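Dear colleague,

Please find below the structure that I am handing over to you. My notes on it follow directly after.

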Amino acid sequence: MPFEGLRLNLMAVIEKIESREILDSRGDPTLKTTVFLDDGSVGETCVPSGASVGTNEALELRDKDPQRYGGRGVLKAIENVQGPIQKALREVEITDQNKIDEIMRQLDGTENKRKLGANAILSVSLAVAVAAAVSQKTPLFKYLRGLFNLPAKSDFLMPLPMANLIEGGKHAKGGLDFQEFMVVPKDQASFAESFKKIKRVIEALKEVIRERGLEAPFGDEGGLALASSSNEEAIVILKEAVHKAGLEKDLVVGLDLAANTLCDGRVYSFSDIKGTLDSTAFINFLTNLCQKHNLFSLEDPFSEEDWSAWQQLMERLTPATLIIADDLTTTNTRRLCKAINQKVASGVIVKPNQVGTLTETIEFILKAKEAGLKVVVSHRSGETKDTFVSDLAVTAGADFVKIGSPIQEERLEKYKRLLAIEKELTNG
Ligand code: PGA
Ligand code: ZN
């Protein structure tokens, strides 16, 4: 068979898919899935999990068996990977990501992937891309270029990190209602320089917190769960840390309010105010807060259904402050189109597990970029050491990457991967 070797070289196909249960950074079960190809290449990924989850996210399948991990086991999702998904994908050509994702979507047949589980489907979808890159002997971020229809010689741009250094909301028990208090470089000579600046602020932040006699254990994403009930105080403390580190000219502050958690019906409540605020009063509050503290970005400032509040805030604050949609758009192109039409945000969060396949994630990114929105590729609060999002951010030419604080191992790995990619790009 003279052509056999050639066929194997050009077209590796899926031979086997295995999946097993591992624990994420919160100690919750998740999937680690491995795709084996007939040319000997292997690709592996682990999927993350969110805590402040948007209603329109694809469904994360959990066993609901109270005897195991409080019902959070993922054995059913693993059965789906090793059973029907493996069966449907055997012998399929590995670089045909569109086809592979489409087969899984058809097999699932539901709008939110509730039959097989978005965690099951995504674990395969991403492991397929990793295996394909291995098979092609190409780094993942370069391999992904083809899936974005980018030319093989396209330039890469390193994203700016949005580093979550103080945590509240569902990710921390310190008392803050807003979920994330981040520092963001204004621009960067290199990702490595930005990384060093973030580290300097972390050290300064620890000192400021100590000087004020406050407690701050770690939150879910490696940031400090400041024991304060004033969200404004957290902003002041973070700015003080930036000042102490001598980086006022370099770094700005951004927030993720994850406001679904602040909203009850159409009113908002949080510890800085007495009683509740309706949308109009909350718009005024946020406008003042942004102007007073020169805030760079606000993510999820309103609930996922309060579209008119989003619209009004955009009119008030754009372009001075970046308004970023996360739970509002949930990496869902249909919701993104509505967001673009209604002009409710100037940036969007991209989380592959909100939608469940790589193909749909890329479709979302391309649409957002076409509309001129800033793109923020993001981890989830429950993470593993998987670094897929780092490669994805570089290929996508994302403006920002949101991967928590480099104090926690699961987040540090993603920073390290970006540093390695940058090194590879500079060394040619
Ligand atoms: P999550 O938080 O992963 O818990 O959803 C991250 C975010 O809201 O940006
Ligand atoms: Zn968010």
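Both Asp256 and Asp326 are buried, where buried means under 20% relative accessible area, exposed over 50%, and partly exposed in between (1.4 Å probe, protein chains only). This is a predicted model, in which local features need pLDDT of at least 70 and side-chain atom pairs count only at pLDDT 80 or more, while totals for chains, interfaces and linings use all residues. Residues are numbered from 1 along each chain as its sequence is written, chains are lettered from A and ligands numbered from 1 in the order in which they are written, and side-chain values use heavy atoms, with hydrogens and water left out.

Asp256 belongs to strand E7 (residues 251-256) and Asp326 to the loop between strand E12 (322-325) and helix H10 (333-341), so the pair ties together parts that are 70 residues apart in sequence. Helices (H or I, at least four residues) and strands (E, at least two) are DSSP runs, numbered from the N terminus.

Strand E14. Of the 5 residues of strand E14 (residues 374-378), 4 are buried, so the strand is largely enclosed by the rest of the structure. E14 pairs in the parallel sense with strand E13 (residues 347-350) over 4 bridges and with strand E15 (residues 400-402) over 3 bridges; two strands pair if DSSP finds at least two bridges between them.

With kind regards
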